[in-house]
Amino acid sequence: MCGIIGYIGNRNAAEVLVRGLHKLEYRGYDSAGICVFSKGHLDVIKTKGRLDKLEQRLSGTSLESTLGLGHTRWATHGEPNDINSHPHLSQNGKIAVVHNGIIENYRQIKEFLCDKGVEFQSETDTEVIAQLLAYHYKGDVMRALMTTLGELEGAYALGVMCADYPDEFFAARKDSPLIIGLGKGENFIASDIPAILEYTRDIIIMEDREIVHITRGQAKLYDLLGKTVKRGVFHVDWDAEAAEKGGYEHFMIKEISEEPRAVRAAISPRIRDGLIDTGLSALSDNWVRNIKKIHIIACGTAYHAGLVGKYAIEKVARIPVEADLASEFRYREPIVRKGDLAVVISQSGETLDTLMGLREARKRGAKILSIVNVVGSSIARESDAVIYTWAGPEISVCSTKAYNTQLAALFSLAYDLGFRKGKLSFAGMMAAAKSLLGLPELIEKVLLNREIIQKFSAQHFNAQSVFYIGRGIDFALSSEGSLKLKEISYIHSEAYAGGELKHGTIALIEKGTLVICPITQDNLLEKTLSNVREVKARGAVVMAVTPERLAGAVSDVADAVITIPDTDSIFAPIIAVTPLQLFAYYVSVMRGNDVDKPRNLAKSVTVE
Ligand code: F6R
């Protein structure tokens, strides 16, 4: 939700900001803008639309500045238009602000300031911050910032410039991500590392309720009371190219192609001497042996991974698992007891609903184990133990390789828990470890079949509505397949448990309706084939995704069959999801959509 960047150094600030915004555009792309310090005042250039529009506006200008802030927006308060775009200036033109997050008490502050005669230009909550800062500013920005932050409720990552400060800027965070990049004679802030990786690999990850004061020579961290804070520097060791398209047409297809490598990276460090170890001992072996219940908390794709995780953990470790959408968990007064484990899943590690779910679970007595991709993110930092998924940067808004690696982590966790709880023999554990290690190669094989999926997509990219049906773990998988399709193709799509169709939804099936059906579980084969027959009898066209060993039986019933290599049925979703992702991808491309930046969405959802 919104990307922010700040720069001070000796380069042309506008250029640095726009280059950085390109790397952050996945976070929001309704509008974009920059503010630079130029000839003694703050110059703001901003516009509705994508970054290319901002670049057009900038092309005619000669902004000679070495200090500035930039922003790319995902609108929350006020429609995407020029005025609501960031940066926002205070009425007196002294203070400029870029913001990611939501200020919950902005109405009250706005009323207060209006009473004092302040006139607002935009409908945004962010302008309230700029005006409040200007109201409190009596010549000392740091002091004004501390006072202002003390009055804000909600989430923010902020960049602040002041017309009286030509050689410095400020930033602050609470519940929205923000990092500081340390260069030589230049320093940066950004919402995410790729934005500044071409300039520096030395990063400080800001914590909640911290302010940073940045000059060319240094970045000084403070708490909200102005006390100095010391923090270690984190050296980024992944390559900038990992966050580039590298010859692929879209990030999404690049990231799908990276799945074998990503899954290998997620699994292999956890297998030692043939045994799976996810680092649960950080919670103490005795505590783990006595876990009574597991709560999985996540959103979107991560939640769908959690649904698969529920099946796997219950089956292997025999521990009861509830999987909750994070946005629901928090407000349903969940029954969480001391001795319960909350498994919090998030690619970004910054999703606000998920972070709040984590805090709710902790408040109610659970220990927290998170499955996270972004190292040092808020969710990782607030957890008792972390399983990093090592998927590498995921830029496409539509999540793909993150899901496969979340499944890899959840399967590893299921077996690790099962073994520690004595539900699994040594031989069983060794066999599972061997199967897990073989998964990347199987995904490689699926990727070799991409042309078959492309052809199938060409036949169906004009579909009006697509249903995904499955039973058991295949229902969880169907939910993910359906989300992929609707998210980037804008085709209406629903996922249903196969057995549930006859309770209402089958009324929607008519001649030509496309139904996609993963059938990966031997014990559910016959039941699922009955569901396929039911929809075919009503005119549906059925594409099934099934392992080689079941392909014969399935092809007798389905219209098209995508085969995946055989593996233990519990692990099948990690392979079977790839054709579903590819189908959504090709359909989106054929419909001429912006695959990596689908409408109305943003990558990291740091608002409630
Ligand atoms: C879908 C998608 C979203 C995210 C969800 C959670 O393709 O990307 O549904 O999965 O917003 O995000 P994280 O995993 O970052 O918490």
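A residue is called buried when its relative accessible area is under 20%, exposed when over 50%, and partly exposed in between (1.4 Å probe, protein chains only). The structure is a predicted model, in which local features need pLDDT of at least 70 and side-chain atom pairs count only at pLDDT 80 or more, while totals for chains, interfaces and linings use all residues. Residues are numbered from 1 along each chain as its sequence is written, and side-chain values use heavy atoms, with hydrogens and water left out.

By the buried criterion, six of the six residues of strand β8 (residues 169-174) are buried, so this strand is largely enclosed by the rest of the structure. Helices (H or I, at least four residues) and strands (E, at least two) are DSSP runs numbered from the N terminus. From β8, the residues Phe 169, Ala 171 and Arg 173 point one way, and Phe 170, Ala 172 and Lys 174 point the other way. Two strands are taken to pair if DSSP finds at least two bridges between them. Strand β7 (residues 156-162) pairs with β8 in the antiparallel sense over five bridges, and Leu 158 has Ala 172 as its bridge partner in β8. The two strands β7 and β8 form a hairpin with six residues between them. Strand β8 is also joined by five bridges to strand β12 (residues 210-214), again antiparallel, and here Ala 171 stands opposite Val 212.

For the protein chain as a whole, the secondary structure amounts to 19 helices and 26 strands. The chain is divided into domain 1 (3-237), domain 2 (245-444) and domain 3 (449-593), with bounds that come from an automatic or database domain assignment. A distance of 45 Å separates the C-alpha centres of domain 1 and domain 3. The radius of gyration, taken over C-alpha atoms, is compared with a globule rule of 2.2 Å times the number of residues to the power 0.38. For 608 residues a compact globule would have a value near 25 Å, and the protein chain agrees because its radius of gyration is 25 Å. Along the principal axes, the C-alpha atoms fill a box of roughly 75 × 55 × 45 Å. Of the 608 residues, 61% count as buried. Contact means heavy atoms within 4.5 Å; among contacts with a separation of 6 or more, residues 24 or more positions apart account for 73%.

An open sheet of eight strands has the order β3-β2-β4-β1-β10-β9-β11-β14 and antiparallel pairing. Its edge strands, each pairing on one side only, are β3 and β14 (234-235). Strand β2 (residues 31-38) is joined to β3 (residues 41-48) by eight bridges, with Val 36 opposite Asp 43. These two strands form a hairpin with two residues between them, and Lys 39 in the turn has a positive phi of about 45°. Between β2 and β4 (residues 67-73) there are six bridges, also antiparallel, and Gly 33 stands opposite His 71. Axes are lines fitted to C-alpha atoms, for helices over the stretch in contact, and angles run from 0 to 180 degrees between N-to-C directions. Helix α1 (residues 13-24) lies across β1 (3-8), β2, β4 and β10 (187-190), running at about 155° to β1. Helix α2 (residues 51-59) lies across β2 and β3, at about 135° to β3.

A second open sheet, of five strands, has the order β23-β22-β24-β25-β26 with parallel pairing. Its edge strands are β23 (492-497) and β26 (560-564), and neighbouring strands are turned by 20° against each other on average, direction ignored. Five bridges join β25 (residues 541-547) to β26, where Ala 544 stands opposite Val 561. Helix α18 (residues 548-555) packs on this sheet, touching β25 and β26, and its direction makes about 155° with that of β25. Helix α15 (residues 450-460) lies across β24 (514-518), β25 and β26, at about 150° to β26.

Ile 519 is placed in the loop between β24 and α17 (525-537) and is buried, with a relative accessible area of 1%. Not counting residues up to four places away in sequence, the residues that Ile 519 touches include Asp 474, Leu 529, Ala 544, Pro 547 and Val 554. Ile 519 and Asn 84 are 435 residues apart in sequence and 48 Å apart in space, C-alpha to C-alpha.
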